[in-house]
Amino acid sequence: MSTYPNVKFLTSAAEVHQLAPDLGREIAFAGRSNSGKSTAINAITQRSGLARVSRTPGRTQLINFFELAPDRRLVDLPGYGFAKVPERVRLHWLQLMEQYFNVRESLVGLVLIVDSRRGLNPQDAGMLEWVLARDRLAHILLTKADKLNRRDSDRVFRETKAACSDTAVTVQLFSAHAKQGFEEARQVLDGWLAGP
Ligand SMILES: Nc1nc2c(ncn2[C@@H]2O[C@H](COP(=O)(O)OP(=O)(O)OP(=O)(O)O)[C@@H](O)[C@H]2O)c(=O)[nH]1
Ligand SMILES: [Mg+2]
């Protein structure tokens, strides 16, 4: 059975006025295109078809809302950093993200999805600064850990933790394919979502 038995797709937003009602608590998943955001949401909620997994990175310019329980949501934010995206799409992304982070009172934290083979890049660091400046929590999932051997995944984990050592950001290794890190991620989410 799913850990979130009533999880369901709620709505998609291409513009800020289309966001789901700003009630309760929500957690946003952000990261580069193709870093594994949608796959992580599916793995954590144990619903394989919930968030679409794309083979055409950079195409999802929508904010997708999923309801775990009443007034408890996960949000799949559009990816960034895909080289082939036209400038107007990039600007729309920037504007939409600024609006989202500025207005969203129910946002409790950000799960930053980072491909463990690539590590943190400046855009990821910018995303973290953005949410920390707004007093939100942040947790990094180093995804696709199955693609690295133990020594390399340990090294990326240590380097990422070191890069965040001045902050309250937490870090973990994750692999949807190897079913690694699901419980650890759920504990973080459940902790953030608990409360009024
Ligand atoms: N080996 C491996 N591949 C993964 C893992 N997670 C995701 N992938 C693959 O990475 C690709 C991108 O995954 P998505 O979940 O669509 O990534 P995304 O960040 O949602 O991408 P956009 O929505 O396009 O920004 C897919 O081909 C996935 O199958 C993992 O844990 N291990
Ligand atoms: Mg996606």
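Asp-71 is partly exposed, with 14 other C-beta atoms within 10 Å. Here a residue is called buried if 20 or more other C-beta atoms lie within 10 Å of its own, exposed if 12 or fewer, and partly exposed in between, with C-beta atoms placed from the backbone. Asp-71 sits in the loop between strand E3 (63-69) and strand E4 (72-76); helices (H or I, at least four residues) and strands (E, at least two) are DSSP runs, numbered from the N terminus. Although Asp-71 is not a glycine, its phi is positive, at about 60°.

Asn-34 is also a non-glycine residue with a positive phi, of about 75°. Its place is the loop between strand E2 (25-31) and H1, and Asn-34 is buried, with 21 other C-beta atoms within 10 Å.

## About the model

What you have here is a predicted model, in which local features need pLDDT of at least 70 and side-chain atom pairs count only at pLDDT 80 or more, while totals for chains, interfaces and linings use all residues. Residues are numbered from 1 along each chain as its sequence is written, and chains are lettered from A and ligands numbered from 1 in the order in which they are written.

## Around ligand 1

Ligand 1 has 22 residues around it, and Gly-36, Lys-37, Ser-38, Thr-39 and Gly-79 come nearest. A residue counts as near if its C-beta atom, placed from the backbone, lies within 6 Å of the molecule or strand. Helix H1 (residues 37-45) gives the most to this shell, with 3 residues.

By class, the shell holds 14 polar, 4 nonpolar and 4 charged residues. Ala, Val, Leu, Ile, Met, Phe, Trp, Tyr, Cys and Pro count as nonpolar, Asp, Glu, Lys and Arg as charged, and the others, Gly among them, as polar.

## The largest nonpolar core

Now to the core. Of the 42 residues in the largest nonpolar core, Phe-29, Ala-40, Leu-112 and Leu-142 touch the most other members. Such a core is a set of buried Ala, Val, Leu, Ile, Met, Phe, Trp, Tyr and Cys residues joined through C-beta atoms within 7 Å. Strand E5 (107-115) and helix H3 (122-133) are among the elements that each supply at least two residues of this core, and E5 gives the most, with 7 residues.

## Strands E6 and E7

E6 and E7 pair in the parallel sense over 4 bridges, where pairing requires that DSSP finds at least two bridges between two strands. Across this pair, Ile-140 stands opposite Val-171 in E7.
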